[in-house]
Structure formats: structure tokens, C-alpha cells
Amino acid sequence: MKKSLLMKSISILLVLTLMTSTITFCLGGCSVKITPNRADIDIPTYSDTRLEVSSQNVSNNYAALTNALKSNDTEKIKEKAGALKDAVNQSLSEFKLYSEEIKSMIGDSDDIIKKRAEEFEKYFNKNSQKALDAINGIILGSKNTNSQSYQQSIDTLEKYFEVEKEIMVTSDNLENSISKKTDAEKLSVNNLNNYLKNSVSAVGSSRFNESSLKLEDETSLTDEMKALADQLKTPLQVYLYLKNHINYEAYSGSRKGAVATFDSNGGNDVDQASLLIAMLRYLNYPGKYVNGTIFISADQALKLTSAKDLNTAGTILASSGKKVFSIVSGGKIEGFQMDQTWVEAYVPYTDYRGAGNAAGDYRWIPLDTSIKGYNQVETIYDDIEKYGISESDYVNGMSSSQLNALYEKLSAYEKEHEGEEAYLNSRQIISESTAYLPLSLQYVVKSIDGEYDKIKERDSDTITFTIDGQNIAKLKPYEMYGKRLIVEYVPATDSDAETIKSFGSVFNTPSYLVKVRAALKLEDQIIGQAREVTLGQSQTFNMNVYSQGSSTYVTNNLTAGSMYQITQDMQMISSKELTKAFDEAEGISADVNIDNIYSSEKLGRILDMAGKLYYAQVDIADNILAERHNISITRSLSVGMTGYQVRSETMWGMPVGIAEGNLYIDIDLNNVAAISRDGDKDSEFKYITASGVMSSAYEGTVWSEFTGEPGVSTISILEEAEEEGQSILMLSKMNFEEQKANLHLDRTTMNAVQQAVNAGKIVTVHTDMITYGEWEGFGYIVTTPETGGAAYMISGGLNGGSSDGLVSLAYMVDIGFSIVDIVEAFQMILTMLGLFSMGGPFGIIVGTLVAAVIVTMVVFAVMDYVNSIQLMCRYVNGDEEAGKELEKNAVINVSVAAGGAIVGKVAKAGLAKVAKKKIERN
């Protein structure tokens, strides 16, 4: 059995079915292995130092003491306090020997390193004695637990050990996306004709200068774009190509630039202007940006948005972040007034108006490729029954025999309709053809606000990065496009670098000896650095994401010595940027080893690929869901982080060493504005809720696609809880007090749940602690009943999407080697991204049809959960019948709703079935 054949047969399903199953699982089901067995890897790669072992022993004994303190059992408290005292005394003895070893190792180091060792020795001894005094106070005061001295002793120890568990958002709070839905403001005019007459020329007073020919920043081009421009040759053909191939996307400001707009086949007015200007300038035709206020007719608005009515069209346009007015005359919407950016091009106009031999007088003419019309076509999801599949085939799930029958039906359909085409996207650009460049713009220009050769800073999306309050860098999205953006910790000085080298690795180096700096690297080039900190110290990393005219602040905790990759999604991950990420990750297999894996050049590439793979799959899932519900979706600039998070061992609050940790993904912003083109509020609610469930599920599986090991996310936690037989409760103000006694949550999680319920939210949560590998804690969903927007939360000390336990560097090396094995599957994922961005027809194949049916099953399953949320909303608003439908105990079926909704076992079995059949046929 050839791997490449197997990859080809399963990978299209991998993307389209929105699986919780992974590439690894699918291949494993067919007896092919693409990732190493972790049991075969020596874990950990680096041994803990003697001080780290002592730290762990002291911490474990403190944990035992805290449990005893809760019991109020005097003898047990004395026993556990005595054990902790012994552990602290042992650590003092161990440290004395360890300290002498360190002194001998750093004998040739400079004075600052030696001074750090001396200062830590004093700190360690002083605080060890304080801890021993507190432990003695607990032992002596255990008979009188109400005494002030006894409580002071407990408080002293808590300051050293007790770290409040954080509640972590594992998927974007989709309330943000739905809140971006904005209706167009109404502007009444007495006479439409008079309103339209009050207009200006679309061409300003531009004069030719060399800046109008510069190819830089947003107007840079790739070789592929230059080759296309050479092929098109004339301004007319460039204009027509972009008008007929680049999709309109409703967001505001400059985001993608020319390259990303071209690669993704989509952009708003500003980014399409950048693309047109870039290609014209390359052909030596000057081009400028013009910004102003325009009026588009009612018919243009409907064709541009595919909305059912004008109010909905106005909402789609206004939700872009632009200022949009519906122009009302005689009580009727006649069109829309809005901000717009278009192009002034300096072209030979007398000789065939930009279509001829580039001869004759030149003049500035206005051009806009973004305002266009769309037709709607039937997609593969619209009518599954035409493929011979009845609703009963997927509503109740499928057994193995039913899957066999499904495959045979679709195989027969494929043979019968060979050569026919189908669509993934319902909106298709209405192609235009003209012999000459247009004399004027396709709309009325009300005013011109400015003309310029370069995008203004205020008109661009940006991300500003700060660490512990220090500004590190500010980037525009187009500058980050297709590149790796890594936070890597580097030695603060040459002395620090030499010290780390002398110990062999940061994982062998006593943390208190060295200082490091967080370096922000763009394609391995440092573009900013933070102040120095001790290795293993925590830092606060902020991103100020400016998009759609407003700022969103994102905060993450960093551990000095870890490595992080920042991934952005500008609208939809393009196949080209995913290809680059994969090629770079695949390339490390040639020389990756244990000595070089922990670097931005090696591990950074794996992190980059994982981040882009997450957003690519979520983008495709969102688009499929949007097509099924006829939803217009527009993404605000979204960001997330993948990382390798080291474990920091501390002693009396001071880092003493770092150890190998875990892979994780934390999606900070995944904001998608959703507007039903039919004006159906219920469809918007369902889309937002279902999209959130699927996004959270992907956080739990993205690292599984590399490691073959389970991942931690809100959805995976809820699935695990249900498999254990726990109750899954849906809570609101109406039933929280009644159900509170059934919740066995830790204090922090219980407080967070209660606060959410008191704020009018609906909380879906399991009842008892979950242990997932080395992780333990709780997962829950907080839903806003008015919108369906939700936050997907976990507690317990790891971010959502984390691997479930330790991932050694040796194991990461094996992952680096194994990436080459998934090349065929990855190429098919890229193909699917291309199909979605191009929007055109593709040939009918059985894999696509199977995918369409399974997607339908997914939607039905997720909708079960959505319906439960809607029932609870009605119940909160006083509908007693809805409360009865929910059942008194509020238990919901997560495997059919929040968790197993993402295809689950049926999809996995379906993949194996299709793969097996394809192999047999080939």
C-alpha cells in the first residue's frame, strides 16, 4: 500500500468533513503510520537538575499539606507539615552540594554571573528558613486553628506556593464578531435626481510624478503577478481580469496589499485598488489612490451583496466598518452612500482608451474593480437528495453497512455524471467584457477626500506588540503575510550566551544564573527586543490589533525560554501562504537534530505551519457552514499563537530551571461578522453558535495532526466528560441555584461560572474534574443568548489546544522528520483552499459527494446543541414550555451536540471507507 495513494484518497475529506479526527487518525485507521510513537522516544530529552527535583518534591509535599488543612484533621496536618519540613531540610542539604557544583562550573565566568549565584544562595537560604518557621508555626498551632499565628503561618506558605488557576479562553469570544453587525444609517432626500446631480468628477487634480510608479509596500508584486501582467499587456486587460476574478470582500481599510489580495482572489476596495495600481505601475502606467464618498444604486447593492432585500444589503455593507447611509426618497431605499477608494490611472486614452498600442495623449482616468455583480448558483450542499441520498441516511447517523451503501450510491452517481461540474461557492462573479476602458466609474461620486501615491498609516490595519508594557514593534498585516513571526528568547549578553553554552542547553542551565530577552523575529530577523528577564520568568505579551477602525487588545502570558509563533488570518488563509509554511516545515527534515530543533529556524517552522493549518481548516469550515445557511461572512483581522511552552520550576518564587513542556495553540481573535442574506436572524444565531463549536474543536486537534496524541480544548474536555458518564449541564439564572449542588468545580471555575450566569449568560459545563494526560481541570462554554456568540473556556493551567502532556525535544525532532509523510494530504488541503478562493466550478468526484453528505450530518448534529441553547433563551425569557423541553435536570447530549457534532465516529469510519475503496480501485 503506497502512502501517497492513501493520502490522495482521504485528504479532500479531511478538510471538507470538518473532522475532529486527524490526519494521523485517518492514516492509522488504514494501517499507515506518519508520526512517531511517543513510547519509543526517550522522554524527557534533558534531565531535571538536582534543584529542580528538590523544587518538585517540596511542591508535592505542600500540595499534600493543603489537602490536609482542608480536612481540619489535626494529626493529618501535623503529619503532612512534618513531611514538608523534611522536604525543605532535604532541599537545603541538596542545595549546598548543588551550589558548590555550580560555583566550580562558573569559575571562569565573569563577575556578574558569579554575583548572581551568590545572591541566589543568600535568597534561597533566607527564604528556606522563613518557610521552615511557617511550617513549625502550623505544627505548633494545629491544635488551635483559629489562632492568628497559625493563620499567618499558612499565609506565609501560600505566598510561596499558591498560584491562582487561570481561566483561559480557548476560542475567540464570538460576541465580538456578531457585535460588528451594523445597520446602514438612513439619509432621507426630497428628490433623488437633485441628490445625484450634486456630484463631482471622479478624477481629481492629479499630476504625474515618479512616486506614482513605485512598486513598494502595498503595491509590491511577486514574479507570478508580474508574469500575469506581462501576459495581459494592456490597462484594459488588467482591469477586466481583476474585475472578473477578484472577489469583493466587505471590510474597511488597507489590510492585504496587492500580493495577498492576488493570492487569495479577494479583497475590499482599498486592497483591490492596491492590486490594480501595482500591476499598472509594473507595466509603466502611473497609478494613484483616490478616496471619497460615492452612491451605488439599489440594484448594484443587491447584485454586489446577493442580499434578499435592501435593508440586508445595507447591513452587509455597513458591517464592513465603513460609514454607510441608505438613501431614502419617498419612503423607498434608492441606494447607498458610502466611503470608497478607487484608482486614478495615467494611460494612453486617445488610442483605443487603454486597449491599443499605448500611443496618443495620456490622461488620468478613474477605475474601480471592486464594485461588481454576482449570480447565485446551486452548490453541492443544496440538495443532497439529488445524489440518491435521503434525509434518513444522515439524520440518525450511519452504521458501517449504511456507509457502504452510501459509498456505492455516490460511486454510481460519479460514473453517471462524469465530466459534469459542481460548485462549492454559491456566489459567482458576473463576467464583464468591454472593448475599451470605461469613460467613468460605475457609480456616482459625491465627493473626493484625497488623492495619494501610498496608503496612509491611519487607513491601514496594524498590530502593535508590547511585552511588560514596552513597545516592541508595529506591523501591518501585509508585512506579515506569508512570513514567520516568532517570539524567541535569546541570551541578553555574551556572558549569558557563554554560560548557557557551558551548561550545554537552556534546559540544563540554572535559571537564576542567566538573563534572556524576548526577541520578535520576522523571518528570523530580529525587529524588536524586550528588556532582559531571568530565564523561566513570566511576562505579559500584548497585541493591540487595529482593524475595521477600532482596536482590540489581546493579552497572553509568556514564559522566558519558551517559543511562540504569531499567526494572522486576514480573511482566509491562502493556498500560497500555506504552501510556503508547509515547504519550510518539510525542509527541516534534511538536517534537524536534537541540537538545533529548539530554534526559530527549526521549531519555529513547525509552529508556523500548525497556526496556518488551524486557520485554514476553520476558514473552510466557516465557509461551508455559511454556504449552507446563506450567510455573508466577513472576518476582522484575526490572530492566534502556537507555541512550545516550557515548564518553569521555582523555589520560593524564584525560577531555578526550565524543563521541556508542551505544544499549545491559543486563538486570541477569530472574529467573523455573520449576516444572513435572507435576513434570517435564526440562521445567524445558528451559524455563530455552530462556528464557535467547530473552532474550539479544531484547537483540540491541530497538534494531534502532528503528534497523533489527544489535544486539550473546551470541546474535547466536554466529550471526555460525557464518555466518563458525567452530566453536562446547561445553566442560566433560571436553574443555577437548583443545579449548583451538582457542580464539583474548583473555586475559581465556580466563581467564573456563577459570574457568567449572573450576567445573563448561558453556561454549558460538566460536573467533575477531568484528567487529560498531564492536564486536569474543567471546560465550559459561555453563550450570549441574544446573539449565539460564545466563549470557550478551560481552567487548570494550560491553554486550549494544548497537547495533553509533555512533548520532549527528541519527539519534536521526530515530528520534523514525519512532516514529509503528509505531503500528499497537504497538497489536497491546498487544492481545497484554492477552490474556495477561486469560487469556480470543479469536477464531480465521489470524495466531494461523501464530504457533502457528512457535512450535512455535522450541521444536523451541531444544530441539536444550537436548538438547546435557543430553548434555554426562551426559558430565561419566561417560556415555561421551553423549560420543560430542556428537561428539569438540564442535561444535554454533548456527543450529539457540542462535542461529537464534529462528525465523530461516523466521519472517521467514512474516511476509512473511502480510502479503502480508492485503494482497491487503483
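**Close-up views of a predicted model**

**View 1. Ring pairs join F95, F120, Y123, F124 and Y512 into a cluster.** Here rings of Phe, Tyr and Trp (its six-membered ring) count as a pair if their centres lie within 6.5 Å, and planes under 30 degrees apart are called stacked, those over 60 edge-to-face and the rest tilted. The structure as a whole holds 16 aromatic pairs. This is a predicted model, in which local features need pLDDT of at least 70 and side-chain atom pairs count only at pLDDT 80 or more, while totals for chains, interfaces and linings use all residues. Residues are numbered from 1 along each chain as its sequence is written, and side-chain values use heavy atoms, with hydrogens and water left out.

**View 2. Two further aromatic pairs, Y346 with Y362 and Y564 with Y664.** The rings of Y346 and Y362 have centres 5.6 Å apart and planes at 40°, so this pair is classed as tilted. The pair links distant parts of the chain, with Y346 in strand 7 (residues 332-348) and Y362 in strand 8 (residues 362-367), 16 residues apart; helices (H or I, at least four residues) and strands (E, at least two) are DSSP runs numbered from the N terminus. Y346 is partly exposed because its relative accessibility is 24%, and Y362 is likewise partly exposed, with a relative accessible area of 36%; buried means under 20% relative accessible area, exposed over 50%, and partly exposed in between (1.4 Å probe, protein chains only). The aromatic pair of Y564 and Y664 is edge-to-face, at 6.1 Å centre to centre and with 75° between the planes. Since Y564 lies in strand 21 (residues 563-569) and Y664 in strand 24 (residues 654-667), the pair ties together parts that are 100 residues apart in sequence. Y564 is buried at a relative accessible area of 0%, and Y664 also counts as buried, at 1% relative accessibility.

**View 3. Salt bridges E224 to K576 and K243 to E432.** Side chains of opposite charge can pair when their charged atoms come close. A salt bridge is taken as a side-chain nitrogen of Lys or Arg within 4 Å of a carboxyl oxygen of Asp or Glu, and the structure holds 29 salt bridges. The side chains of E224 and K576 meet at 3.6 Å, N to O. With E224 in helix 9 (residues 223-232) and K576 in helix 19 (residues 575-587), the pair ties together parts that are 352 residues apart in sequence. E224 is partly exposed at 42% relative accessibility, and K576 is partly exposed at 33%. In the salt bridge between K243 and E432, the closest N and O atoms are 3.0 Å apart. This pair links distant parts of the chain, 189 residues apart, with K243 in helix 10 (residues 235-245) and E432 in the loop between strand 11 (427-429) and strand 12 (444-452). K243 counts as buried at 3% relative accessibility, whereas E432 is partly exposed, with a relative accessible area of 35%.

View 4. An α-helix has 3.6 residues a turn, so residues three or four places apart point the same way. K580 is partly exposed at 28% relative accessibility, whereas E584 counts as buried at 15%. Salt bridges that share partners join R484, E523, D524, K580 and E584 into one network.

**View 5. Helix 11 (residues 257-264) is mostly covered.** Eight of its eight residues are buried, namely G257, A258, V259, A260, T261, F262, D263 and S264. Just after helix 11, N265 takes a positive phi of about 55°.

**View 6. I717 and I770, 7.1 Å apart in space from C-alpha to C-alpha.** In sequence, I717 and I770 are 53 residues apart. I717 is found in helix 23 (residues 714-723) and counts as buried, at 0% relative accessibility.
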